[in-house]
Amino acid sequence: MREWAEYDIHEGDGGESGAGSRIVLSGPMRVDSIGLIERDLRNYDGHLATIDISAVDDIDTVGAWIVSRLADEHDAEIEGANDTAQRLLKAVEVAEGDAKVHPDRAPLVERVLYGAGEYVQDWGKGTIGLLSFLGRIVLAFGSIIRHPRRFPMRAIVRQMELVGVNSLGIIGLMSFLIGVVIAQQGAAQLSQFGAESLTVNLVGRISLRELGVLMAAIMVAGRSGSAFAAQIGTMKLTEEIDAMRTIGISPTEKLIIPRLIACTVMMVFVGFYAAVMSIIGGAAISDLMLDLNFTSFLARVRDVVPTYDLWVLLIKAPVFGLIVALLGCYQGMQVENNAEEVGKRTTQAVVFGIFFVIVVDAIFAVFFTSVGWK
Amino acid sequence: MSDPLDRIDERAVARQDDYGEYPIRVRGLRNAFGEQVVHDNLSLDVRKGEILGVVGGSGTGKSVLMRSIIGLQTPQEGEIEVFGRNILEADPDEIIGIRDRWGVLFQGGALFSTLTVGENIQVPLKQYYPELSPELLDEIAHYKVKLAGLPEEALGKYPSELSGGMKKRAGLARALALDPELLFLDEPTAGLDPIGAAAFDKQTEELSETLGLTVFLITHDLDTLHEICDRVAVLADNQVIAVDTVTNLMDLDHPWIQEYFKGPRGRAALTAQALDELRRAMDKPVAGEA
Ligand SMILES: Nc1ncnc2c1ncn2[C@@H]1O[C@H](COP(=O)(O)OP(=O)(O)O)[C@@H](O)[C@H]1O
Ligand SMILES: [Mg+2]
């Protein structure tokens, strides 16, 4: 069982020091045993003249602090302190200051307003920051072109493996399932018009033009954009980035360029792969549920999908890859101060990555339609 | 079950139980990472109330020894007793009862980066003693930070706003939060300027005296060894090859010990120590006359 400190107040028995009460503390006065009486002592509103601690059998700095504060508050005498107690009382006898322990927290309304203002300001700063970030990347590219031997081939290959090869399983599975859903749902709707055979057009074109590369980009933003932000952010916290700079290695060249190139290039392959898997998913479900078997579904896809759908994919994919990698690296480089920041920036890398991919996708959709690639 | 005090009420180890003369006993310890053997049949006793310096070349396993003792690293073989309990076989309740009786200052400070210094100090207190009032917690943070030799303004600062030396002191303040009986310091003065290091040493010595602490002090700092350590344990060849006072150690003829204490830095520290004693000896009669 746990032991607790106890107290006993003798009203008006202040001893030789005159009026006021006498408090007798007993038991252990330690951090683990004073919790129950500490509030009582703090809230005691009588006047204490004497604090008797001769019955205290063990004391630590927390106990000593409480005694010392009590004595200070009531201007009371401390009686019966043994050697240890005296030593500890002296050690904690430090002028009480009013420095804050906790950061200031404004009331909710103020916080929300302040937060909104800060948000706007951040957007401004963010835009400028992003521009200067882009500038540094262009410079780094320039310097790599001038010194081709510094081309970070190994790092690029490593990143390609992480971004592309390692994600093939999950992206393939996801795209396959999306193909299944589109074919199955599409067929259900189209059959109402007796246009079931158009399922092939639906799956083939939408996979190649839109969903394949979009889904791949979202997955890469979640897998790799976040990883970029977290890796680079952690390296900033541990001053690894500063160390690189002082050694004369440009973090932009060493860390960011390989990720940008790898992500841009791999997105083309991964996007195409996702489109193909989605078409295979459509073919599989049509083999099972519609009266069009697997091979003829694929053969029909070749007939109904125009070549420029492939061009659309091939143009969009590298742009999406670049957006995801840029935002991931940018957010990573913005990390400062603490671990919480790494989490926040990683979230932003993913959210903004997906958001901008979709915005750019919409712009592309309008653009391609207007140039006649309908 | 809802009472937060329950968990600690059932503590298996009383805070002030009698464990004899040695708060730490290590027997036949073996630690290895893959092929690399760090400790082999290592034994060490730490006496109650002493400041034990632990020295050894870089990579001889000083930090690993400390991590083994505080249970962050499970050794392959051996017995480790802390406060008379075998911590390798203790059940979780027992471990909780032991953990709040030691404080640890890690090599890098290891402060929680999202909390202020004051809040860092309160983390162990809140964890173990949820019954303490917020006012008391703040007061405790105030005096602990001063005990550790930091200015009061440091309380509201985040670790990223502190200098290296201040981080060490803030780490010390957090290590002292629970009024431990046993304090582990991993290279506390490494990276501090000589004045800061000397001040930190003095602080450690004073704390050990006033609070009756036993200190397990890993260090590379020869001045620290001379100034404040009661005994010094030397790690070499996967073992503790000697534990003794600095003076006695210097008479041993192990090559590493000779090199360490009698090399240029060792001699400098020795001279400083001798000068210091001389000065003290000369000061005394003067003070006596006045
Ligand atoms: N987690 C680990 N994995 C592998 N090797 C380790 C690990 N921790 C320490 N070591 C090795 O153990 C040896 C001792 O390390 P350490 O105790 O940190 O040295 P020091 O005496 O300088 O504090 C070193 O050679 C180190 O490489
Ligand atoms: Mg170490």
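Predicted model: local features only at pLDDT ≥ 70, side-chain atom pairs only at ≥ 80, totals over all residues.
Residues are numbered from 1 along each chain as its sequence is written, and chains are lettered from A and ligands numbered from 1 in the order in which they are written.

**View 1. The hairpin of β9(B) and β10(B).** Strand β9 (residues 231-236) and strand β10 (residues 239-244) of chain B run antiparallel and are joined by 5 bridges. Strands here are DSSP runs of E with at least two residues, and helices are runs of H or I with at least four, each numbered from the N terminus. Two strands count as paired if DSSP finds at least two bridges between them. The hairpin has 2 residues between its strands, and B:Asp237 takes a positive phi near 50 degrees.

**View 2. An antiparallel sheet in chain B.** Take a look at the open sheet of 4 strands, in the order β2-β1-β4-β5. Its edge strands, each pairing on one side only, are β2 (36-46) and β5 (85-86). Inside the sheet, β1 (residues 24-33) and β4 (residues 77-82) of chain B are linked antiparallel by 5 bridges, and B:Arg25 stands opposite B:Glu81 in β4(B). Helix α2(B) packs on this sheet, touching β1, β2 and β4 of chain B, and its direction makes about 120 degrees with that of β1(B). Such angles run from 0 to 180 degrees between N-to-C directions, with axes fitted to C-alpha atoms, for helices over the stretch in contact.

**View 3. The surroundings of ligand 1.** Among the residues around ligand 1 are B:Phe33, B:Val38, B:Gly56, B:Lys62 and B:Ser63. A residue belongs here if its C-beta atom, placed from the backbone, lies within 6 Å of the ligand. Helix α2 (residues 62-69) of chain B gives the most to this shell, with 3 residues. By class, the shell has 3 nonpolar, 6 polar and 1 charged residues. Nonpolar covers Ala, Val, Leu, Ile, Met, Phe, Trp, Tyr, Cys and Pro; charged covers Asp, Glu, Lys and Arg; the others, Gly among them, are polar.

**View 4. A mixed sheet in chain A.** In this open sheet, 4 strands follow the order β1-β2-β3-β4. The strands β1 (6-10) and β4 (77-79) of chain A form its edges, each pairing on one side only. Neighbouring strands are turned by 20 degrees against each other on average, direction ignored. Strand β2 (residues 21-29) and strand β3 (residues 48-59) of chain A pair in the parallel sense over 8 bridges, with A:Ile23 opposite A:Ile51 in β3(A).

**View 5. Where chain A touches chain B.** Here 32 residues of chain A are in contact with 34 residues of chain B, contact being C-beta atoms, placed from the backbone, within 7 Å. On the chain A side, α1 (35-43), α2 (61-74), α3 (83-92) and α12 (339-370) each supply at least two residues. Helix α1(A) gives the most, with 5 residues. This side divides into 13 nonpolar, 6 polar and 13 charged residues.

View 6. Residues 310-330 of chain A are 100% helix, with end C-alpha atoms 30 Å apart.

Terms used: Contact = placed C-beta atoms within 7 Å.
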